[in-house]
Amino acid sequence: MKQIILITLFLFSLTSASAEEQQKFSPEKFQADLEQFITQEAGLTADEAAKFFPLYREMQSKQRVIYKQMKELGKNKPADEKACRKAVEKRDELELEQKRICQSYHQKFFNVLSASKVYDVIKAENRFHRKAIRHWEQHKKK
């Protein structure tokens with residue numbers, strides 16, 4: 001009987017440890033934390049946040065498409081010089097497209113926020129990502 005209890009407890013601990021591992025990163029929580037941080041740091045009102053974040057999420061969605069293309073492009077080094085050159089040029093074009101997306105959405109942000117708040121949003125987003133990277137690196141070392 002003791003063995004059954006010990007085995008059950010052992011399996012339960014493995015299951016909960018596995019669940020914790022799987023829940024380490026939640027895109028939904030990350031997004032919610034990001035939006036809360038931006039709202040606080042940029043001093044957005046509830047009305048401003050309600051108008052701003054749908055545009056912001058739309059921008060992120062378009063950027064994700066480009067990030068995925070860049071990731072695919074970087075998976076394998078091309079076999080010859082011509083293909084390497086083509087890959088670098090494609091990456092450059094994708095990076096420029098990223099900037100064009102940012103630029104066009106910054107213009108849209110100006111329609112719902114003051115320029116100083118757009119500036120504060122950009123700075124807050126950068127601070128949040130730096131903090132998230134530091135946090136991830138600290139947990140990675142453990």
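Predicted model: local features only at pLDDT ≥ 70, side-chain atom pairs only at ≥ 80, totals over all residues.
Where does α3 bend, and which proline follows within four residues?

Residues are numbered from 1 along each chain as its sequence is written, and side-chain values use heavy atoms, with hydrogens and water left out.

First, the overall picture. The protein has five helices and zero strands. Helices are DSSP runs of H or I with at least four residues, strands are E runs of at least two, and both are numbered from the N terminus. Along the sequence the pattern reads α-α-α-α-α. The protein has 142 residues, and 23% of them count as buried. Buried means under 20% relative accessible area, exposed means over 50%, and partly exposed is in between, with a 1.4 Å probe and protein chains only. Now contacts, meaning heavy atoms within 4.5 Å. Among contacts with a separation of 6 or more, 72% join residues 24 or more positions apart.

On to helix α3. It covers residues 46-73, which is 28 residues. From first C-alpha to last it reaches 40 Å, close to the 40 Å expected at 1.5 Å a residue. That expected span is 1.5 Å times one less than the number of residues.

Back to the opening question. α3 bends by about 30° at F52, and the proline that follows within four residues is P54. The bend is the angle between axes fitted to the seven residues ending at a position and the seven starting there.

Next, the neighbours of α3. Two packed helices are described by the angle between their axes and the distance between the axes. Axes here are lines fitted to C-alpha atoms, for helices over the stretch in contact, and angles run from 0 to 180 degrees between N-to-C directions.

Take α4, residues 81-109. α3 and α4 pack at about 180°, with axes 10 Å apart. That makes the pair roughly antiparallel. The cut-offs are under 35 degrees for roughly parallel, over 145 for roughly antiparallel, 65 to 115 for roughly perpendicular, and oblique for the rest. On the α3 side, the contact includes F52, L55, Y56 and M59. On the α4 side, it includes L94, Q98, I101 and Y105.

Now α2, residues 27-42. Its axis and that of α3 come within 12 Å and cross at roughly 130°. So α2 is oblique to α3. Q31, L34, E35, I38 and T39 in α2 meet A49, F52, F53, Y56, R57 and Q60 in α3.

E48 is buried, at 16% relative accessible area. Leaving out residues up to four places away in sequence, E48 touches G43, V112, L113 and K117. M70 is buried too, at 11% relative accessibility. With that exclusion again, M70 touches R91, L94 and E95.
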